[in-house]
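Thanks, everyone. Let me put the structure up, and then we go through its interfaces and salt bridges.

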Amino acid sequence: MSSFVDEKTKVIVQGITGHQGSFHAGEMLKFGTKIVAGTSPGKGGSKFMDKVPVFDNVSETIHLKPDATMISVAAPYVKDAALEAIYSGIKIIYILTEHVPFHDSMEIVHNARRMGSIVLGPNGPGITAVGKCKIGIMPNKIFKKGKIAVASRSGTLTYEIVNAITEAGMGESTVIGLGGDPVVGMNYIDVLKEFEKDDETEEIVLVGEIGGSNEEIAARYIKDNVSKKVVAYITGRSAPQGKRMGHAGAIIEKGVGTAESKIKAFGEAGVKVAEYPVDIPSLLE
Amino acid sequence: MPDGYVVENLNEVKAFTKPVVIKSQILLGGRGKSGGIKFAKTEADLKKGVSELLGSKIRDYTVSKVLIEEMIDIQKELYVSVTLDRTSRSPIIMATSQGGVEIETLPRENIFIKTVDPILGYSDFMAREAIKFMGLSPEIGKQFTGILRKLYEIFEEKDCELVEINPLVITGEGKLIAADAKVIIDSDSIFRHKEFNVVDPEKTPLELEANAAGYSFIELNGNIGVIANGAGLTMATLDALTLHKGYPRNFLDLGGTDNVEIVAKAFEFVLKANPKAILVNIFGGVTKCDTVATGIVEAKKRYKIAQQIVVRLSGVKEDEGRKILSDAGIEAFPGMMKAIERVVKIAGGN
């Protein structure tokens, strides 16, 4: 077992003919992801890389029984694409796109919840069940099959940490990018529940950053509900108040969302926090 | 809203008839605390206040306009807002009968908080709950309901992060008046709000210039220029520098790019900030290390960079990238920590 996706997960790509969508769909195929179809309005009937059928609409892919979708369309069209996936009954929706208005994200997330779908992102690098399924843009080469699950709000920083784990001779089970926006579909608690259940995961790494209070909430949750070892890294210690540090969600507002507050909360929950990203492996067993 | 008018010079000030408040028109919160608001009970006070405020500086912003407004007979100050609650991914309504101060300074139990389901939306019962919580009279309550309904409408229609009235004043005549208000629009929604001509007042001219060129760029106070890829890694780079007693001059996130020109042009903005040394920290994925290296060599030539550049390249095409750099006489490290130590040594603290 792994979390959310595995070797049986059938994936479609919404926006498969776009610049980003086509490059990353190609990488996902190389990784071994089962991409059963792609969509691109107006390009229906063609084939992606001579093998993946392309349709105009998600409803036309239903006979292929997709479990998950990766949305890689421009920000103004993300809400429509996500609602299309929800209406089609797709259970896992990963939104890669950055700069989605958060009012759209609220609507997407709440509608998905009502219809029994799970949203990950927006503005995340994807989800990888190592050796089984990759949805998103994480580099294929940094992973090694192992027992460590990672959940993070950023992209490149996650690769840095995953790479450090791999280079230290350990490996990963599931790596999840939650997304760098103020409103994302899954928070730490949602993925912690899955990691706790997953028999392939022994230890958990949380990568947090300034903004909001989801790390603090996760820390309190871990104390009472997570039996597996959890370690963390928090970025933004040196960030000034009131500045958006690249991610829409990475901002200290009126004293809320500081790195100190998150580090303290993890400390109180018995979660060791690394000073530098490369220190993470030394905190693991 | 109270009666009032805006002036840009002393000649535009009308004859004094009743006590007024003079408010600096700047796009910053907390202007009262910064001395941007004055009260006038006489004609002499009014002229003195206007001439003192016009042309004055409040946290880097020059006051070019002031609003002269009737002084309200304040009986009570309320607070009401609609904002985003990140954890529930929902709008929340906040209200309190202890307005006039920053909401964060009040104890949680004195604030009415209602989470709104964004699909179900607002309904007037929420106002009734708030009215009961604050103990407002039926007459004031009726006005409050109209105001809250409108606030929620604005929050939704204009893609707001925050709509806030503080204080919402109950006057001696039993009227509710919005004495001050603040609205923050989600910058990611601007594509569908052509009605707003947005310039973020909190950004410096160099930040605006770099943002216009497509870079996520923030000016800081130190002396080490920073270029990295990905917001998280860029922040982590600043943190690591700071922990090593180095002081970053800026935040610049290249984003995911495989374009030499985007890499080279990034140096233009870092150089304008005049750093003592420059650190480039790249974990290659979509952004390939050889592309970055070529961009750095190009920038060094184009901008005749005199400062020392320290580079960390790891990930896709790292060996090729480091070779390109060493051939051009630029230091490149495979690990982040070595590069951090080296650049801090060169910059020698602040």
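Predicted model: local features only at pLDDT ≥ 70, side-chain atom pairs only at ≥ 80, totals over all residues.

How much area do domain 1 and domain 2 of chain A bury between them? About 950 Å², with 60% of it on carbon and sulfur atoms. For salt bridges across this domain interface of chain A, the count is zero. Polar contacts do turn up: three residue pairs, both partners at pLDDT 80 or more.

Now the chain-to-chain interface. Chain B brings 50 residues to the contact, and chain A brings 60 residues. The buried area between chain B and chain A is about 4400 Å². Carbon and sulfur atoms give 59% of that area. On the chain B side, the residues that lose the most area to chain A are Arg86(B), Arg89(B) and Phe283(B). Together they make up 20% of what that side buries.

How many salt bridges are there between chain B and chain A? Seven. Here is a salt bridge to look at: Asp117(B) with Arg114(A), where the closest N and O atoms are 2.8 Å apart. The interface of chain B and chain A also has 25 residue pairs in polar contact, both at pLDDT 80 or more.

Several elements of chain B supply at least two residues each to the side that touches chain A, among them strand S8 (90–96), helix H3 (138–157) and strand S10 (160–171). The largest share comes from H5(B), with 10 residues. By class, this side of chain B divides into 22 nonpolar, 12 polar and 16 charged residues.

Next, salt bridges over all chains. The count comes to 37.

Take a pair within one helix. Lys30(A) and Glu27(A) form a salt bridge, 2.9 Å from N to O. Both residues sit in helix H1 of chain A, three residues apart, about one turn of the helix. Is Lys30(A) buried or exposed? Lys30(A) is exposed, because its relative accessibility is 65%, and the cut-off for exposed is over 50%.

Compare a strand pair. Glu69(B) and Lys23(B) form a salt bridge, with the closest N and O atoms 3.0 Å apart. Glu69(B) is in strand S6 and Lys23(B) in strand S2 of chain B, so the pair ties together parts 46 residues apart in sequence. Buried means under 20% relative accessible area. Glu69(B) has 6%, so it is buried. Lys23(B) has 7%, so it is buried.

One more from chain B. Lys272(B) meets Glu209(B) in a salt bridge at 2.4 Å, N to O. Helix H6 holds Lys272(B) and helix H4 holds Glu209(B), so this pair ties together parts of chain B that are 63 residues apart in sequence. Lys272(B) is partly exposed at 45%. Glu209(B) is partly exposed at 34%.

Last, a network. Salt bridges with shared partners join Arg153(A), Glu209(A), Glu215(A), Glu216(A) and Lys262(A).

Terms used:
Residues numbered from 1 in each chain as written. Chains lettered and ligands numbered in written order. Heavy atoms only, no water. Contact = heavy atoms within 4.5 Å. Buried area = accessible area lost by both parts, 1.4 Å probe. Salt bridge = Lys/Arg side-chain N within 4 Å of Asp/Glu carboxyl O. Polar contact = N/O pair within 3.5 Å; in protein donor to acceptor, adjacent residues only side chain to side chain. Helix = DSSP H or I, 4+ residues; strand = E, 2+ residues; numbered from the N terminus. Nonpolar A, V, L, I, M, F, W, Y, C, P; charged D, E, K, R; others polar. Buried < 20%, exposed > 50% of the residue type's maximum accessible area, 1.4 Å probe, protein only.
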